[in-house]
Each structure stands twice: as C-alpha cells, then as structure tokens.
Amino acid sequence: MKSWWMRWWDSDIGYSFRTSPTAIAAALIALVCALAALFAPWVAPHNPFDLASLELSNARLPPAWYAEGRWAFPLGTDDQGRDILSALIYGARISLFVGLASVVLSVLLGVTLGLLAGFLGGWVDALLMRLCDVMLSFPAILIALLIAGVGRALFPNAHETLAFGVLILSITLTGWVQYARTVRGSTLVERQKEYVQAARVIGVAPLRIMRRHVLPNVLGPVLVLATIQVATAIITEATLSFLGVGAPPTSPSLGTLIRIGNDYLFSGEWWITIFPGVMLVIIALSVNLLGDWLRDALNPRLR
C-alpha cells in the first residue's frame with residue numbers, strides 16, 4: 001500500500017512540482033532556512049543572545065575574507081560583537097515563527113468569519129463585510145503599528161513572550177480580511193449547489209454543512225493565499241521591528257538586525273545591515289515563488 005508521500009508524488013500536483021525547477025529550488029531554499037532556524041542552537045557557531053560571551057573587542061569586525069576579519073566570525077560582527085551569521089540564523093527563527101503563527105491565526109479567524117458571512121447571508125454578511133471594508137480602508141502597516149504601539153504602552157515592562165504575542169496579534173488583525181473575503185465569495189457559490197441544497201432538505205445542521213461540505217471545497221484558494229501571506233507577514237514583522245515596535249533588542253529578528261546595521265551603513269560597516277537584508281529577501285522570495293507555483297498547480301485551466 002502506497003504511503004501518503006508516494007500518492008502525493010504520483011498526483012498531478014506532485015508531477016507539477018517535480019517538473020518545475022523554480023518550485024524545487026524555492027522549496028530547497030525555504031527548507032534549508034527553516035531547518036537552520038529550527039535547529040539554531042546546534043547550527044549557529046555562536047549564541048548571539050548570550051551576553052556573557054560577547055566581547056566589545058570583537059565589535060564591527062569585517063567578514064572573514066577581509067584582512068581584518070576572522071574565520072571565527074565568517075560574516076563579521078555587529079556593534080556589540082555578535083556574530084552576524086549566528087544572528088541571522090537566530091533572527092530567521094524569530095521571523096519565521098512570528099510569520100507562521102500570525103498566518104495560522106489569520107486563516108482561522110478569516111475562514112471562520114468568511115464561512116459565516118457567505119453561508120448565513122443577511123445581516124451577518126452585511127456586518128462582517130462592512131467590518132472588512134473598515135479594515136481595508138486603513139493601511140495594514142498603520143494598523144499593526146497602532147496595535148503594537150498600544151500594547152507596548154500598556155505593558156512597558158512586559159516579558160518577551162508577551163511582546164511577541166502583541167506582535168503576532170497586530171499582524172493577525174491586519175491579515176484575516178483577505179481570507180474572509182476569499183472564503184465568503186467561494187461560499188456564496190458553493191451554497192447554491194445541489195449537494196448543499198440536498199443536505200439542507202434532509203435536515204443536516206447548518207454548522208455541519210459548513211464544516212463537512214462547504215469548507216473542504218473552499219480551502220484551495222485559502223492554501224495558496226496563506227502560502228503567499230507567509231512572506232508578507234515576515235516582511236511586516238521586519239518592518240515593525242525596523243521601526244522599533246517589533247521584536248525586542250534582546251531577541252532581535254531580521255528587521256531588528258537591519259535597523260541596528262542601518263546606523264553603520266554609511267560608516268563602512270555595510271555587512272551589519274546588508275546580510276540581514278539579503279537573508280530577508282531570500283526567505284520572502286522563496287516563499288513567494290512556492291506560492292506562485294501552488295497557485296498555478298491548483299488551477300485546472302493551467303494544467
């Protein structure tokens with residue numbers, strides 16, 4: 001009996017994946033970044049967050065291929081003597097966690113509200129769609145800045161866990177609208193089909209119809225949107241951290257590292273900000289390319 005992996009590999013989507021060099025390259029890059037971030041304590045050559053191990057005499061060392069560089073710090077060090085390569089691995093860990101967690105919460109909230117709006121209709125649909133219109137009338141980054149700023153003001157001495165919670169919440173509340181509108185449109189189409197009408201006639205509860213019949217048929221666009229939104233969430237987190245309302249300086253993400261290095265960009269220490277920026281671009285680009293491939297693979301008109 002074939003395993004789920006072999007069944008997927010022999011399916012249309014598996015064939016589309018293995019015949020697309022771009023999808024394979026993007027998947028490998030994303031996988032390497034994710035594994036390095038997941039196993040950061042074992043992969044990183046140093047622990048950049050261990051303040052006891054930092055030495056100011058190692059501050060602002062250039063990459064190892066420069067004459068002043070050291071191979072103990074392959075990509076150089078920042079203003080506090082932290083190894084840039086280790087900081088990138090640990091920073092990617094934080095950025096990926098915040099991005100994935102916010103997308104998961106956005107999907108749960110958006111899909112739930114979109115199903116209710118599309119299936120129930122009436123005043124529920126009108127209320128939820130007006131709420132979506134209000135959310136879309138403000139720039140997403142402005143809403144995230146407002147929520148994150150209020151959270152920091154209410155909890156100025158908050159633990160890092162609470163700070164990350166505020167950051168995830170701010171990105172979630174700006175990302176659920178797209179899922180709600182997408183699911184609502186698909187649900188409006190599905191609820192008019194014969195299988196839904198038949199389930200209603202035989203007395204199936206509306207909640208069961210939405211969960212067992214409608215939801216599986218509207219998840220295709222959601223999956224594609226969620227894949228692309230992971231990159232958007234990571235960039236939003238980096239933007240908030242760059243502006244000073246994201247990850248705390250004691251546990252810097254890629255955005256925080258870029259902000260720190262920006263102060264030294266024009267003084268010659270370009271590596272402090274360039275390498276975190278390149279890492280952010282690589283992660284976002286690989287995820288976006290995977291999302292583009294998945295969109296095409298799930299579109300029957302392009303097969």
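Visitor: Hi! How many helices and strands are there in the protein?

Guide: Hello! There are twelve helices and zero strands; both are DSSP runs, helices being H or I with at least four residues and strands E with at least two, numbered from the N terminus. This is a predicted model, where local features need pLDDT of at least 70, side-chain atom pairs count only at pLDDT 80 or more, and totals for chains, interfaces and linings use all residues. Residues are numbered from 1 along each chain as its sequence is written, and side-chain values use heavy atoms, with hydrogens and water left out.

Visitor: Thanks. What box do the C-alpha atoms fill?

Guide: Roughly 75 × 50 × 30 Å, taken along the principal axes. Of the 303 residues, 45% count as buried. Buried means under 20% relative accessible area, exposed means over 50%, and partly exposed is in between, with a 1.4 Å probe and protein chains only.

Visitor: Let's talk helix pairs. At what angle do α5 and α10 pack?

Guide: Helix α5 (residues 84-120) and helix α10 (residues 206-242) pack at about 145 degrees, and their axes are 7 Å apart. Those axes are lines fitted to C-alpha atoms over the stretch in contact, and the angles run from 0 to 180 degrees between N-to-C directions.

Visitor: Left-handed or right-handed crossing?

Guide: α5 passes α10 in a right-handed crossing. A crossing is left-handed if the near helix is turned anticlockwise from the far one by less than a right angle, and right-handed if clockwise.

Visitor: Which residues make that contact?

Guide: From α5 they include Ser95, Gly99, Val103 and Phe119, and from α10 they include Pro206, Met210, Ala233 and Glu237. By class, the contact has 19 nonpolar, four polar and one charged residues. Ala, Val, Leu, Ile, Met, Phe, Trp, Tyr, Cys and Pro count as nonpolar, Asp, Glu, Lys and Arg as charged, and the others, Gly among them, as polar.

Visitor: Is Gly99 buried or exposed?

Guide: Gly99 counts as buried, because its relative accessibility is 0%. Leaving out residues up to four places away in sequence, Gly99 touches Ala233 and Ile234. Gly99 and Thr236 are 137 residues apart in sequence and 8.5 Å apart in space, C-alpha to C-alpha.

Visitor: New topic: α11. What do its buried residues pack against?

Guide: They pack against α5, α10 and α12. Seven of the nine residues of α11 (residues 254-262) are buried, so α11 is largely enclosed by the rest of the structure. Among them are Leu254, Thr256 and Ile260.

Visitor: And which residues of α6 are buried?

Guide: Val124, Asp125, Leu128, Met129, Cys132 and Met135 of α6 are buried. They cover an arc of only 115 degrees around the axis, which puts them on the same side of α6; the arc is that of the directions from the helix axis to the C-beta atoms. On the other side of α6, Gly122, Trp123 and Leu127 are exposed.

Visitor: One last thing: what is the phi of Arg60?

Guide: Arg60 has a positive phi of about 55 degrees although it is not a glycine. Arg60 lies in the loop between α4 (40-43) and α5, and counts as partly exposed because its relative accessibility is 40%.

Conventions. Contact means heavy atoms within 4.5 Å.
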